[in-house]
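Thanks for coming. I will take one structure and go through a few of its parts in order.

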Amino acid sequence: MLSYLKINNYALIEESEVDFSGGFTVVTGESGAGKSIVMSAIELLCGGKGGKHAIRTGCDKCTVSGIFTIPEALQPEISALLDNGGVEPDSENGNSEVTLRRVISNSSTRNFINDTPVSSKLLAEVGAYLVDRHGANDQISLTVPARQLDLLDNYAGSAPEKALCADIQKQLNDLACEQAEFEKHLPDTTEADRLQLMLEEIGRIDPRPGEEEELIGKQRRGSNARQILEYSTILAGMLTENENSIADQLGKVFHMISELERIDPALTGDLNDICSNLQNTTVELSSAITNLPDKVELDPEALAAIENRLSSIYTLKRRYGPSMEQLFEARDNAQKRLDEFCRSRDRRQEFACRKEELQKQLALAAEKLSAKRKNAARKFLDLTIEKLHAIGFNSASLDAEFTENAPGANGKDHLELLFSANRGEDMRPLRKIASSGELSRLMLALKTVLADADAVPTVIFDEIDMNIGGETANQVGNELKALGRKRQIICISHLAQVAARADEHFLVRKSTEGERTISRICKLNDPAEEIGRMLGGGDSALRHAGELLKALKQ
């Protein structure tokens, strides 16, 4: 339950701190005093949408923080959420308490759980376990069949079955997107023919990586064969074959070094070895140069074949290059796309089989969800009728009309709640009920049934008792009082009969201080004066309030 709330610079509230207890708490005040601001602050704290418009005029930020006591039954789920979000337990109270805080500035919104920064998504997930808020405007959504189905699902506890349907439907949607993407990029027959011709052309020439460079080298050598032969002959003569060649000169050098070595071996050192190596290198170089003409293609036909091969490769490069790497890439892509075209029939069959299997799974999941809904519907309706009788609809009747849709993310059911307020009247869909008072009481009955079945520790009713009065107001107050024995109920109310039954009473006042308007919330130890105001004001109303409070205490 919510045990502590602190608000700073939020809308009309400059600063307020409130300690809440369990049971049934009522919040009252004049219209426009700021009661809904308090409830909105709690909603914001639990992950509701907020923006810089919430900041009090003249301030640069607003802060809302609260401490929640976690029931033992919810501690495992909330602890798991906090652990996954990297949030440490409360240092003093462990898993039994959690502190939520939101700070909104003109440029950003920051969220904290136990002083650890968290995402708004995690804050909302934790908040959903802690607080359930119902407002007067919810009665409008009650007329929407999809909302009625949601209420039944909440009571039936069919979230796992709904999640399974939604997951399977998502897989079907993803499959449809995958197939659409496949079809989008699939070649048509014309393009497939073009790709086939392209691959055949490249295949006929069948270029190899590195082949172009190899052929260019052969072509250059063949085109310059005479020069290569001439230079090879000259170089071989200079090195070893001519009179007075380098080899001959090195022989003379070797002889002179040998003479110097004879005079003094220490003088020449390893000069003989160096000279000998030079001689060997000269001979090896001459031999290698002599073999160069063997590497040159002197056959004109062979040279013409090389040039024709290069011409074919150049043609492929112009069409599909311009580089060899791009040519090979174009060939591989064409082969891949052509393979896709050739396998398209198999792929379409695969898509069809996967779709059929998922549709079978969805139909089965939707059937299980529908069965769970229908099994819970009768008890849900009976309990709601009991609540309606308790709050003044003594002859009311309520029924559920199920029709079947195609299975989808929300199962296959379409639900229409049928209602009759008086005996002898035909039951009609809620969307055709004109009375806002009837809708208000029906919503209250549904919400109390749901709150009774739900594990959420704190339930907030924001003026859900509007358009109700007289003896019905007493009965509504009794229902809220009874509900407060099982969980924390916080209710904004304009009804004295409801407020008089509260375990705790808070008053919101709006005042003007200087040029500013400020709303404040305070706890009333003696609510007689406020209840008297709610009854119309004056001495007689105050006496009536005192008598009402005294009677209720007895």
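Phe419, at 3% relative accessibility, counts as buried; buried means under 20% relative accessible area, exposed over 50%, and partly exposed in between, with a 1.4 Å probe and protein chains only. Before I go on, this is a predicted model, where local features need pLDDT of at least 70, side-chain atom pairs count only at pLDDT 80 or more, and totals for chains, interfaces and linings use all residues. Residues are numbered from 1 along each chain as its sequence is written, and side-chain values use heavy atoms, with hydrogens and water left out.

Rings of Phe, Tyr and Trp (its six-membered ring) pair if their centres lie within 6.5 Å; planes under 30 degrees apart count as stacked, over 60 as edge-to-face and the rest as tilted. The count by this rule is 4 aromatic pairs. One of them joins Phe20 and Phe506: the centres are 5.2 Å apart and the planes are at 55 degrees, so the pair is tilted. These two residues are 486 residues apart in the chain, and both are buried. Phe393 and Phe419 have ring centres 5.8 Å apart and planes at 75 degrees, so that pair is edge-to-face. Phe393 is buried too, with a relative accessible area of 6%.

Helices here are DSSP runs of H or I, at least four residues, numbered from the N terminus.

Now helix H13, residues 300-320. Which of its residues are buried? They are Leu303, Ile306, Leu310, Ile313, Leu316, Lys317 and Tyr320. They cover an arc of only 140 degrees around the axis, which puts them on the same side of H13; the arc is that of the directions from the helix axis to the C-beta atoms. The face turned away from that side carries the exposed residues Pro300, Glu301, Asn308, Arg318 and Arg319.

Last, the cysteines. A disulfide is a pair of cysteine sulfur atoms within 2.5 Å, and the whole structure has 0 of them. Cys177 is exposed, at 52% relative accessible area, and its sulfur is 19 Å from the closest cysteine sulfur, in Cys165, too far for a bond.
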